[in-house]
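The following exercises concern one protein structure.

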Amino acid sequence: MKRNIKNVAVLGSGVMGSAIACHFANVGLNVLLLDIVPKEGEKSNSIKERNKIVDGALAKALKSKPSPIYKKTFAKRIKTGNMTDDMSLISSCDWIIEVVVERLDIKKIVFENVEKHRKKGTLITSNTSGIPINMMLEGRSEDFQEHFFGTHFFNPPRYLKLLEIIPTPKTKKEDIEFMMEFGATILGKTTVLCKDTPAFIANRVGVYAIQDLFHTVEKMNLTVNEVDKLTGPIMGRPKSATFRTCDVVGLDTLVHVANGVKSNCPDDERKEVFETPSFVSKMLENGWLGSKSGQGFYKKTKDENGKKQILQLDLSTLEYIKSNKVNFPTIGIAKQEEELTKRTQILFSGKDKAGEFYQQVFCGIFSYVSHRIPEISDEIYKIDDALKAGFGWELGPFETWDAIGLEKGLAAMEKLGKKPAKWINDIIANGITSFYKTEDGIKKFYNLNTKSYDRIPGTENIISLASLKESNTIWSNDDVHIIDLKDGIINVEFHTKMNTIGGGVLQGINKAIDIAEENPKYKGVVISNEGDNFSAGANVGMIFMMAVEQEWDELDFAVRAFQNTTMRLRYSSIPVVAAPHGLTLGGGCEICLHADQVVAHAETYMGLVEFGVGLIPGGGGTKEFALRLSDELNNGDMRINLFREKFLTVGQAKVSTSAHEAFELGYLRNGTDEVITSRANQIAHAKEACLKLANKGYVQKAKRKDIKVLGKEGLGIVYVGADSMKSGNYMSEHDLVISEKLGYVLCGGDLSQITEVSEQYLLDIERKAFLELCTKKKTLERLQSLLQKGKILRN
C-alpha cells in the first residue's frame, strides 16, 4: 500500500501537543487536535465549554514567542475538539499521534479509546520521551501493534530539527521506512532511528553531558558565567550555552530525565554522574527552576539606579552576584579561528584552566558515547545526528573526537582515567584513524558491523558543500568557493563572517556567471551556503569607513559594483537560483530579489533593513520594489494602496518571520519562488530547479524599460505621511529625510505624471540617494553607534 499522509490527529494539547499540531499545519497537513473535557464542562452542552482546554492551549501556543506557526492563516488548518465527543473523527486520519501526560496508565486509556475508532492500517505513534515504547503495546490489537511506534519530537518542534523514531519488535518495517522519509522531506526533520532504550539517544547522551558538566564545574570551582562563556558558540554550541539553557528548559525537567536514566540504567558505567549535585538539590528545594520560576542560574533584577541587570548564582554560597568578566588565554586564541574543527583543537590543547576544562568535558563525553555503542545505537552517526539536531551542537561527539584526533583524544582520556569501550582500541589496532572520511565528495562513517567506511543512509540525494569542497572546487578566493554540483550546475558559496557581502563575494558571483556562460559544460548557477545564515547583508563597516574618509568615488564604485552584480544575476544568459535560509537581510535579500528563482528554506528571515541604519536599499532593492509595484499595477490593483504597502515594507525595515511570510511582504513571488521545509535537501532541490530552467530552454531576458512609476502622485503621499509622523513625534528629523529619499526612488523622482522608466534610470537615482544619505552626519552617527555595539558585523 502506498501511504499518504494528509490528515493527522494529535491527542493532547499541552505545550508539546499544540506545538506539534502547529508544525503539522505549517507543512500543509489538516490537523485534528483533541484534549479532555474540563470537569466544569462535563455536564454542559456548550461546545465552547467542552473544548475549553484544547482551545485555550492552542490559543496560548499561537501567542507564544518564538511563534510555532509559519504564517497566522496556517492555524486555520487546525480543527479542535475533545476526546469525548470527537474521537470518532480520528477514523478519517492517516496518522494519530499521542502527546498526553507521561503516565503509562493514562496513555493506555487513550489507546483503548483510539482502538474503537481508528481505521486499520493507520499509523499510531507516541511522543513519549521516557516511557519504553514496548510497554504501550499491552492489550492492543495486532493491527495496532504492527503500525505503532515512537515519534519523539524535541521542543519547540518548529525549530529543533530532531525527530527520534523508535520501533517495537512488532512494528512493520515499511512503516518505519516511510516515517523516516516523511519526517525528513515533509516535516524537515533530522530523523534518527533509535533503539527502545531509556531516554533514547539524544537525551541519554545530552543529559549525561549536562550532568557531567555540573560535577566538573563543582570540582573546578568555575562560575556560572565562565561556564556559559566556555560552552557556547566558541565550542560550536548554542548561544544559550549550558546554564542559560537549563534556565529555559527548567531545572526540574532536566533532573527528572536524569533520575529516569539513573533508575532505568543500573548498569551504566557512569551512573554516578546522574546523581544530583548538592547545589542543584538546594536550587530545587528553593524552587529556583529557571525562567518559569523567575530565577535559576540567572536572575533578572534592577540595580540601585533602577537599571536592569542580570545576576549569576554563586554555586558555592547560593547567593546572586554580579557576572564576572571572563578572560581565559585559550578562549582569546580560539576566537581568532573561524573554522570549528581547528578551533576545537585549540580549545583541547589549552594550557590554562579553560584547556583543563575542555579536556575534562571532551574526554568524558568521548568515553561515554563509546560505551553506548551498541547499547543505544549500532552506528556512530546516529549519536552525532541526534546531538546536533536535538541539542544544537555543530559537531557531534564522534565528529569532535575526529577534530581533535582519534589517538590524541584516546591518550588524553587514558591520562584522565576516562576509559573508552574496547572497540575503540580494536579499530585503532586495525589501522583506523578516524570515525568519518570523505571520498569522492561523499561523507562516510566507520561501520563497526561491516568493518568498512559506508555512506550514511538517507544521504544519497543530499548535496553537502563541505564534502564536495575539496574535490569539486573550480575557483575560490578568501570569501567564496565555486563548487561543481555536477550535471552542469555550479554553486557559489560565500563564507565571510555572517556571510556578509563585500568585494570578494561580488567577485565570486561574477566569476561563477562568467564560468557558466563561457563553458558549454555548465548550464546554470545556484547561490547557497551551509552557514547558519544565508547573508546578514552588505559589509556596512566598509561603507562606514569610506563615508568617514569621504572617499565618495570609491563608495560610488562599490555601490555601482553591487548594482551591476544583482543586474547580472537577472540578465545573464544562464539561469540563477538562490537558496536562502536563516537571516537573509539587506544585500542578501537583494541577491534573492534578482535571481530567476528562489528556493527558500522555511526558516528564512528575509528583509530590506537598510532604513534601520540610516540608509535605503542600494544594491537594486529599492529599484526592484518599484518594478514589482509596476507589475502589480498592470494587474489592475489599486495603486495607492499597493504603493503604501511597498513603501512601508522597506521604510519599516520589515523582516519575514518565515519564508511563507516573505511572500506577503513582497520579497518572494507567487508562482515563481518556492519554500522547502527540509534544510538538508534544499541545495539538491535548488540544483534541480536550476536544471529545470535550463533544460526547458532558458532565454536571456531583455532589460526592462517599461516600469511605471507614480512620480508626484506617489511623492505627495510620502511627504504628507512623513510630515505627519514627524509632527506627531513618531519619527526623527533624519528618519524624515530617509523616508523622502526612499519615496523619491520608489516614485521614480518628481515626474509630473505616471511615466514608464528603465531599470537603469531607477538604479541611478537609487545610488544617488544612497550616497547622499551616506554624507549625512546622523547616518554616520547611527552607523558608528551600531558598529560599536557590535550590531553590524564586519568581515
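**Exercise 1: A lysine in a strand**

The side chain of Lys 437 makes a polar contact with the side chain of Glu 439, at 3.5 Å. A polar contact is a pair of N or O atoms within 3.5 Å; within protein, one must be able to donate a hydrogen and the other to accept it, and residues adjacent in sequence count only if both atoms are side-chain atoms. The model is a predicted one, in which local features need pLDDT of at least 70, side-chain atom pairs count only at pLDDT 80 or more, and totals for chains, interfaces and linings use all residues. Residues are numbered from 1 along each chain as its sequence is written, and side-chain values use heavy atoms, with hydrogens and water left out.

*Task.* State in which strand Lys 437 has its place, and determine whether Lys 437 is buried, partly exposed or exposed.

*Solution.* 
- Step 1. Lys 437 belongs to strand β12, residues 436-439. Helices (H or I, at least four residues) and strands (E, at least two) are DSSP runs, numbered from the N terminus.
- Step 2. Buried means under 20% relative accessible area, exposed over 50%, and partly exposed in between (1.4 Å probe, protein chains only).
- Step 3. Lys 437 has a relative accessible area of 32%, so it is partly exposed.
- Step 4. With neighbours within four places in sequence set aside, Lys 437 is in contact with Ile 442, Lys 443, Lys 444 and Tyr 453. Contact here means heavy atoms within 4.5 Å.

**Exercise 2: A sheet and a glutamine**

*Task.* Give the order of the strands in the open sheet that contains β10, and explain why one side of β9 and of β11 is left without a neighbour in the sheet.

*Solution.* 
- Step 1. The open sheet has 3 strands in the order β9-β10-β11, with antiparallel pairing. Two strands pair if DSSP finds at least two bridges between them.
- Step 2. β9 (298-302) and β11 (320-322) stand at the edges and each has a single partner strand, so one side of each lacks a neighbour in the sheet.
- Step 3. β9 and β10 (residues 308-313) run antiparallel and are joined by 5 bridges. Lys 302 stands opposite Lys 308 in β10.
- Step 4. Gln 312 also lies in β10. Its relative accessibility is 1%, so Gln 312 counts as buried.
- Step 5. The side chain of Gln 312 makes a polar contact with that of Asn 324, at 2.8 Å.

**Exercise 3: Nonpolar cores**

*Task.* Name the residues with the most contacts inside the largest nonpolar core, and list what Tyr 358 touches.

*Solution.* 
- Step 1. A nonpolar core is a set of buried Ala, Val, Leu, Ile, Met, Phe, Trp, Tyr and Cys residues joined through side-chain atoms within 4.5 Å.
- Step 2. The largest such core has 110 residues, and those with the most contacts inside it are Phe 297, Tyr 358, Phe 398, Trp 423 and Phe 435.
- Step 3. Not counting residues up to four places away in sequence, Tyr 358 touches Leu 230, Ile 234, Met 235, Ile 331, Leu 347, Phe 348 and Cys 363.
- Step 4. Another core, of 79 residues, lies apart from this one; among its members are Leu 569, Leu 608, Phe 625 and Val 650.

**Exercise 4: Salt bridges**

*Task.* State how many salt bridges are counted, and describe where the partners Asp 85 and Arg 50 lie.

*Solution.* 
- Step 1. Side chains of opposite charge can pair when their charged atoms come close. A salt bridge is a side-chain nitrogen of Lys or Arg within 4 Å of a carboxyl oxygen of Asp or Glu.
- Step 2. By this rule there are 51 salt bridges.
- Step 3. In the salt bridge of Asp 85 with Arg 50, the closest N and O atoms are 2.7 Å apart. This pair links distant parts of the chain, 35 residues apart: Asp 85 is in the loop between β3 (78-82) and β4 (95-98), and Arg 50 is in helix α2 (residues 47-50).
- Step 4. Asp 85 counts as partly exposed, at 40% relative accessibility, whereas Arg 50 counts as buried, at 13%.
- Step 5. Glu 772 and Lys 741 form a salt bridge whose closest N and O atoms are 2.3 Å apart. Glu 772 lies in helix α30 (residues 759-774) and Lys 741 in helix α29 (residues 733-746), so the pair ties together parts 31 residues apart in sequence.
- Step 6. A network of salt bridges links Arg 204, Asp 268, Glu 269, Arg 372 and Glu 375.
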